[in-house]
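Visitor: I am new to this structure and would like to ask about it piece by piece. Please show it first.

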Amino acid sequence: LPTELGKLTSLSELDLSKNSLTGHISSEWGGMNSLKMLSLEGNLGIDGNIPSELGQLRYLTHLDVLGTSVSGMMPTELCALVASEQLTTLLAPCSSAGFTCDCCTNECPS
């Protein structure tokens, strides 16, 4: 995934769903200051941790990483956006080995 996307400071929506993409989500994507919606859903080749810098996106209301291979934990910075009710949709894998999300808005079986 190109780190240069972080330089698109006026971009408001980025839907890269179901494109067979691979790689990591760059911490530089935290520079997309106007981003409201980011969907990476359905790209199993996207792996690694979700960078905490995405929590700096002050307009982000929708983040979807379902159907990816992200690992680690959902950053506390993104969970804080959910708690403040700014980030109203936070979708992440429920059964992904090695990924934990305590603040995601999708229902996961217990």
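Visitor: Which cysteine forms a disulfide with Cys101?
Guide: This is a predicted model, and a pair of cysteine sulfur atoms within 2.5 Å is taken as a disulfide. The sulfur atom of Cys101 has such a partner at 1.9 Å. That partner belongs to Cys104.

Visitor: Is the disulfide of Cys101 and Cys104 left-handed or right-handed?
Guide: The handedness follows from the torsion about the S-S bond. For Cys101 and Cys104 this torsion is about 105 degrees, so the disulfide is right-handed.

Visitor: How does Cys104 count, buried or exposed?
Guide: Buried means under 20% relative accessible area. Cys101, at 23%, counts as partly exposed. Cys104 has 19% relative accessibility, so Cys104 counts as buried.

Visitor: How many disulfides does the structure hold, and how many residues apart are Cys79 and Cys103?
Guide: The structure holds 2 disulfides. One of them joins Cys79 to Cys103, with an S to S distance of 2.0 Å. Cys79 is in helix α1, residues 76-83, and Cys103 is in the segment after β8. The pair thus links distant parts of the chain, and the separation is 24 residues.

Visitor: Is the disulfide of Cys79 and Cys103 left-handed or right-handed?
Guide: Both Cys79 and Cys103 are buried. The torsion about their S-S bond is about -70 degrees, so this disulfide is left-handed.

Visitor: In what order do the elements of the protein run from the N terminus on?
Guide: The protein has 1 helix and 8 strands. Starting at the N terminus, the elements follow the order β-β-β-β-β-β-α-β-β.

Visitor: Which residue of β7 is the bridge partner of Asp64?
Guide: Strand β5, residues 62-64, pairs with β7 in the parallel sense over 3 bridges. Asp64 has its bridge partner in β7, and this residue is Leu91.

Visitor: What is the strand order in the sheet that contains β4, and which residue stands opposite Asn49?
Guide: This open sheet has 4 strands with parallel pairing, in the order β2-β4-β6-β8. Here β2 (22-24) and β8 stand at the edges with a single partner strand each, so one side of each has no neighbour in the sheet. Strand β4 (residues 45-49) and strand β6 (residues 69-73) pair over 3 bridges. In β6, the residue opposite Asn49 is Ser71.

Visitor: What is the phi of Ser20?
Guide: Ser20 is placed in the loop between β1 and β2. With a relative accessibility of 68%, Ser20 counts as exposed. Its phi is positive in a residue other than glycine, with a value near 55 degrees.

Visitor: Is Leu35 buried or exposed?
Guide: Leu35 is in the loop between β2 and β3 (37-39). Leaving out residues up to four places away in sequence, Leu35 touches several residues, including Leu14, Leu57 and Tyr59. Its relative accessible area is 0%, so Leu35 is buried.

Visitor: What distance separates the C-alpha atoms of Leu35 and Thr9?
Guide: Along the chain, Leu35 and Thr9 are 26 residues apart. Their C-alpha atoms are separated by 7.7 Å.

Visitor: What share of the residues of the protein count as buried?
Guide: Along its principal axes the C-alpha trace spans about 40 × 30 × 20 Å. The protein exposes about 5700 Å², and carbon and sulfur atoms supply 49% of that area. Of its 110 residues, the share that count as buried is 41%.

Notes. Residues numbered from 1 in each chain as written. Predicted model: local features only at pLDDT ≥ 70, side-chain atom pairs only at ≥ 80, totals over all residues. Heavy atoms only, no water. Pairing = 2+ DSSP bridges. Helix = DSSP H or I, 4+ residues; strand = E, 2+ residues; numbered from the N terminus. Buried < 20%, exposed > 50% of the residue type's maximum accessible area, 1.4 Å probe, protein only. Areas by Shrake-Rupley, 256 points an atom, 1.4 Å probe, with all protein chains shown as cover. Contact = heavy atoms within 4.5 Å.
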